Amino acid sequence: MVPPGAWAVGLSGGADSVGLLSLLRGRSDLRLVAVHLDHETRGRESTGDAEFVRALCERWGVPCVVTLRSELETSLTH
């Protein structure tokens with residue numbers, strides 16, 4: 001059981017995380033934000049995952065945050 005409230009949902013773009021978000025977005029007692037980390041390890045495929053996640057969230061009306069691994073590393077070292 002997921003208690004009501006605000007939740008960040010990790011969204012890789014794979015079937016499991018998309019399925020989870022699909023189930024949770026139907027709950028009116030949840031405020032969801034999808035989060036995706038582009039690890040930048042698979043070239044164009046990594047970029048494609050991030051684009052898929054953004055498009056899916058836009059279509060479903062779920063706020064979405066996508067971050068590149070290189071941006072995260074830079075922010076952690078400064």
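**Close-up views of a predicted model**

Glu45 counts as exposed, with a relative accessibility of 53%, where exposed stands for over 50% relative accessible area, buried for under 20%, and partly exposed for values in between (1.4 Å probe, protein chains only). The model is predicted, so that local features need pLDDT of at least 70 and side-chain atom pairs count only at pLDDT 80 or more, whereas totals for chains, interfaces and linings use all residues. Residues are numbered from 1 along each chain as its sequence is written, and side-chain values use heavy atoms, with hydrogens and water left out.

**View A. Salt bridges around Arg42 and Glu45**. A salt bridge (a side-chain nitrogen of Lys or Arg within 4 Å of a carboxyl oxygen of Asp or Glu) joins the side chains of Arg42 and Glu45 at 3.1 Å, N to O. Arg42 is partly exposed at 41% relative accessibility, and a network of salt bridges links Arg42, Glu45 and Asp49. The structure holds four salt bridges, including one between Arg44 and Glu51, whose closest N and O atoms are 3.4 Å apart; here Arg44 is exposed at 59% and Glu51 partly exposed at 38%.

**View B. The salt bridge of Asp29 and Arg27**. The closest N and O atoms of this pair lie 2.8 Å apart. Asp29 is partly exposed, with a relative accessible area of 31%, and Arg27 is likewise partly exposed, with 24%.

**View C. The β-α-β unit of strand 2, helix 2 and strand 3**. Helices (H or I, at least four residues) and strands (E, at least two) are DSSP runs numbered from the N terminus. Strand 2 (residues 30-38) and strand 3 (residues 64-68) run parallel and are joined by five bridges, strands being paired if DSSP finds at least two bridges between them. Asp38 has Leu68 as its bridge partner in strand 3. Together with helix 2 (residues 44-60), the two strands make a right-handed unit: with the strands pointing away from the viewer, the path from the first strand over the helix to the second runs clockwise.

View D. A search of the whole structure finds zero disulfides, defined as pairs of cysteine sulfur atoms within 2.5 Å. The sulfur of Cys57 is 3.8 Å from that of Cys64, the closest cysteine sulfur, and this is too far for a bond. Cys57 is buried at 1% relative accessible area, whereas Cys64 is partly exposed at 30%. Ala34 touches both cysteines, among other residues, contact meaning heavy atoms within 4.5 Å.

How values were computed. Lists of a residue's contacts leave out its neighbours within four places in sequence.
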